[in-house]
Amino acid sequence: MADINRRFGWRHARSAPTAHIRHHKRGRLVHDGPGLSFWFRPLSAALSEVPVDDRELAMAFHARTSDFQDVTVQATVTYRISDPAVAAARLDFSIDPDSGVWRGAPLEQLSTLLTETAQQHALDVLARTPLAAALVDGVASVRERISDGLAAEPRLPATGIEVVAVRVVAIRPEPEVERALRTPAREQIQQEADRATYERRAVAVERERTIAENELASKVELARREEQLVEQRGTNARREAEENAAADGVRAEAEAARTVRLARAEAEAARTTGEARAQAQAAWLRVHADADTATLHALTATRLAENLPRIDSLTLSPDVLTGLLAKLARPAGEER
């Protein structure tokens, strides 16, 4: 929309670079071009503003396939006005000299023209296509048909319109039909998911079996090694007992030999001692054989006294003392 300012009965118009301004004064073209800025008198001026930028036109319409199924087509057409002079001559792009607002609705007319033309070509191609093919390959075929149809439409160049691009966003069936079509795919997806679940479970079971087998093999190997350990311990104990028995035998033999040696030594010592005692006794007897009787009696008394127990006190009765004194009083010749 052009920017219009008032100054003392004059008007100043300033347009954007994407808007083409045409100024007629008394039927004569005075200003013509995009992004213009100029003064004019409103009573003698006729202004038209034609947008020259690229514009997106979104459209959605219903169609029917060859198997009588309703579908919805969503498309977008990009267009621009390539010839503003022709467009201003064919459509009402005139603006109010005081406000700069379009007097009519030229863009709505363009939208209606493009929508109906695109819809006509889309309906034509979908009417000869079954629903399954339309859902699979319909987007490309409909886009190509709309693009070719708009390029071949004579009204568009005659109105100064150029189609830049055509995009078909989607072709969708009715909700009930869409749900019915989704059911087999969902069932197949569910089957694939179930199969993947079963396979995953089978893999898990196989792994658990492998783990159990490994654990069992480990236990068997552990039992076998424990058996070997017990056997080795028995062998070691038996060997140790044999070695201890051999050592005890050696110790017993050594002890017996030592005992024999001690016995022999003791016997030899006893024999030597006996011989010495016998020799001493013989010498003692030889000495005593040469002594007189009184000496032998004295020695006997001495030896007897040596072997008598210790006498701490002696009690003599009168009878004994009298007899002893009587004997002592006798002369020596009488006693004999």
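I take buried as under 20% relative accessible area, exposed as over 50%, and partly exposed as in between, with a 1.4 Å probe and protein chains only.

I am working on a predicted model, where local features need pLDDT of at least 70, side-chain atom pairs count only at pLDDT 80 or more, and totals for chains, interfaces and linings use all residues. Residues are numbered from 1 along each chain as its sequence is written, and side-chain values use heavy atoms, with hydrogens and water left out.

Entry: I looked up Lys25 first. At 34% relative accessibility, Lys25 is partly exposed. Lys25 sits in strand E3, residues 19-25. I take strands (E, at least two residues) and helices (H or I, at least four) as DSSP runs, numbered from the N terminus.

**Entry: core.** I then checked the largest nonpolar core, which has 33 residues. Such a core is a set of buried Ala, Val, Leu, Ile, Met, Phe, Trp, Tyr and Cys residues joined through side-chain atoms within 4.5 Å. Phe93, Leu110, Leu126, Val142 and Ile146 have the most contacts inside this core. Elements that each supply at least two residues include strand E7 (55-64), helix H3 (131-152) and strand E10 (161-173). H2 gives the largest share, eight residues.

**Entry: salt bridges.** My rule is a side-chain nitrogen of Lys or Arg within 4 Å of a carboxyl oxygen of Asp or Glu. That gives 21 salt bridges. I noted Glu56 with Arg167, at 3.0 Å from N to O. This pair links distant parts of the chain, with Glu56 in strand E7 and Arg167 in strand E10, 111 residues apart. Arg167 is partly exposed at 39%.

Next, I found Asp70 bridged to Arg64, the closest N and O atoms being 3.1 Å apart. Asp70 is partly exposed at 30%, and Arg64 is partly exposed at 47%.

Last, I looked at Arg258 and Glu255, with the closest N and O atoms 2.4 Å apart. They are about one helical turn apart because three residues separate them in helix H5 (residues 175-289). I also logged a network of Asp54, Arg80 and Glu162, joined by salt bridges that share partners.
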